[in-house]
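My entries follow in the order in which I made them.

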Amino acid sequence: MNSFRFPIVWSRILPNGTISGGVNKEGIAFYNSLVSDVIARGLKPFFTIFRFDTPQALEDRYRSFLSENIV
């Protein structure tokens with residue numbers, strides 16, 4: 001095995017769903033640390049954006065993907 005695949009969870013980075021709603025610096029630090037550890041172990045990081053895990057703020061505002069506004 002020469003790679004490590006992991007999801008980037010939208011709500012961990014943008015808990016309010018938008019950049020203007022604030023970026024979670026701890027979430028960014030988590031992924032930076034994870035990628036650094038993966039590389040340090042000689043693996044290639046591959047990430048997936050888990051697009052169905054919407055932040056609660058967008059779920060409340062738009063009913064998630066039931067609304068055309070979220071697209």
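I count a residue as exposed when its relative accessible area is over 50%, and as buried when that area is under 20%. The model is a predicted one.

Entry on isoleucine 49. I found isoleucine 49 in strand β2, which covers residues 44–50. Its relative accessibility is 57%, so I recorded isoleucine 49 as exposed. I also noted isoleucine 8, which is 41 residues away from isoleucine 49 in sequence but 5.1 Å away in space, C-alpha to C-alpha.

Entry on α2. I checked the length of this helix: its 16 residues should span 22 Å at 1.5 Å a residue, and the end C-alpha atoms are 22 Å apart, which agrees. I then listed Gly27, Tyr31 and Val38 as the buried residues of α2. Viewed down the axis of α2, these buried residues fall within an arc of 35 degrees, so they line one face of the helix. Lys25, Glu26, Ile39 and Ala40 are exposed on the other side of α2.

Entry on the ends of α2. After α2 comes glycine 42, with a positive phi near 80 degrees.

Entry on isoleucine 19. I located isoleucine 19 in the loop between α1 (10–13) and α2 (25–40). I recorded isoleucine 19 as exposed because its relative accessibility is 67%. Together with Val23 and Ile28, Ile19 forms a nonpolar surface patch of about 270 Å² accessible area.

How values were computed
Residues are numbered from 1 along each chain as its sequence is written. This is a predicted model: local features need pLDDT of at least 70, side-chain atom pairs count only at pLDDT 80 or more; totals for chains, interfaces and linings use all residues. Side-chain values use heavy atoms; hydrogens and water are left out. Helices (H or I, at least four residues) and strands (E, at least two) are DSSP runs, numbered from the N terminus. Buried means under 20% relative accessible area, exposed over 50%, partly exposed in between (1.4 Å probe, protein chains only). Patches are made of residues with over 30% relative accessible area and no salt bridge: like charges are joined within 9 Å, nonpolar side chains (Val, Leu, Ile, Met, Phe, Trp, Tyr) within 5 Å. Accessible areas come from the Shrake-Rupley method with a 1.4 Å probe; for residues, only the protein chains shown count as cover. A salt bridge is a side-chain nitrogen of Lys or Arg within 4 Å of a carboxyl oxygen of Asp or Glu. The expected span of a helix is 1.5 Å times one less than its number of residues. The arc is that of the directions from the helix axis to the C-beta atoms.
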